[in-house]
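Okay everyone, thanks for coming. Let me put the sequence and the structure up on the screen, and then we'll walk through a few spots together.

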Amino acid sequence: SYATGGGSAGNVEAQSIDALVDTLAYVDSVINPYEASGGADQQSIENLMKIAPKRFKHRFRAVTQEDYFYLALEASSDVAKVSVKQQRGKITLYLIPHGQQKMPLPSRGLKKVVRDYLGERAPATVELEVMQAEYIRVNVSLGIELSEWEYASSIKSSINDVLDAFLHPVTGGKESSGWEFGSLPSLADVYNLLHSIEGIDEVPSLTLALSNGSNYSIHSPQMPSLDKNTIISSGSHSVE
């Protein structure tokens, strides 16, 4: 069992709190100079069933990389994905929160929540750092042939929406469960995704260009490798 509070509704902007719940002697007025952050909604049953069994293994102590991984997920239900980098005497965690933005970024409050939670469970000799994830943007360039030219404008808009959804780090991918750190979409997956859009007859050209300068295409299909602590996000797309 555990207690929950106000959840994400408490993450308010700076200078939006201007009243006390209870009157205090000699206090004339109040204001919050910084935004309130770090609040998360109650975890889902699906999320609970994923991380709770790991408690029997880590016993609330951070020793292995796997321990840090699951304890970071346990620290807040707002943590959607995490990657752990372990060096001698130092642990770095890269966080991705839940969010609809192309590149969801953890708030200062969320990073503090995770750092404090792990700090209480990690050895005192370990240096702990909590950071936002390192994103690699995927820019898709493609040429399409249409079955009906009159729908070109709406089809182009649909392509951008479909690619943005497919490449979202948290909710994208074929299973809508997001992308793993260090992984890239295959040309076949993108090709099949485009063919699922009504009105597209053929896709004669397709190139995926990464923001780090690498690319792969139908004519040069060799996929580049990514650092295991980076994750993809949707970039800007070009349709002809």
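So, let's start with the strands. Strand β4, residues 134–146, and strand β5, residues 200–210, pair up antiparallel over eight bridges. If you want a spot to look for, Glu 145 sits opposite Glu 202 in β5. Keep in mind that this is a predicted model.

Now stay with β5, which also pairs with strand β6, residues 215–217, again in the antiparallel sense, over three bridges. Here Leu 208 stands opposite Tyr 216 in β6. The hairpin of β5 and β6 has four residues between the strands, and in that hairpin Gly 213 takes a positive phi near 100°.

Next up, a helix. How many of the eleven residues of helix α3 are buried? Eight of them, so α3, residues 65–75, is largely enclosed by the rest of the structure. Among those buried residues are Tyr 68, Tyr 70, Leu 71 and Leu 73, and Asp 67 and Glu 74 are on the list too. And what covers them? The cover includes helices α1, α2 and α4, along with strands β1, β2 and β3.

Last stop: Ser 177, in the loop between α5 and α6. Leaving out residues up to four places away in sequence, Ser 177 touches Lys 81, Val 170, Thr 171 and Gly 172. Also, Ser 177 and Ala 80 are 97 residues apart in sequence, and their C-alphas are 9.9 Å apart in space.

Okay, over to you!

Conventions:
Residues are numbered from 1 along each chain as its sequence is written. This is a predicted model: local features need pLDDT of at least 70, side-chain atom pairs count only at pLDDT 80 or more; totals for chains, interfaces and linings use all residues. Side-chain values use heavy atoms; hydrogens and water are left out. Two strands pair if DSSP finds at least two bridges between them. Helices (H or I, at least four residues) and strands (E, at least two) are DSSP runs, numbered from the N terminus. Contact means heavy atoms within 4.5 Å. Buried means under 20% relative accessible area, exposed over 50%, partly exposed in between (1.4 Å probe, protein chains only).
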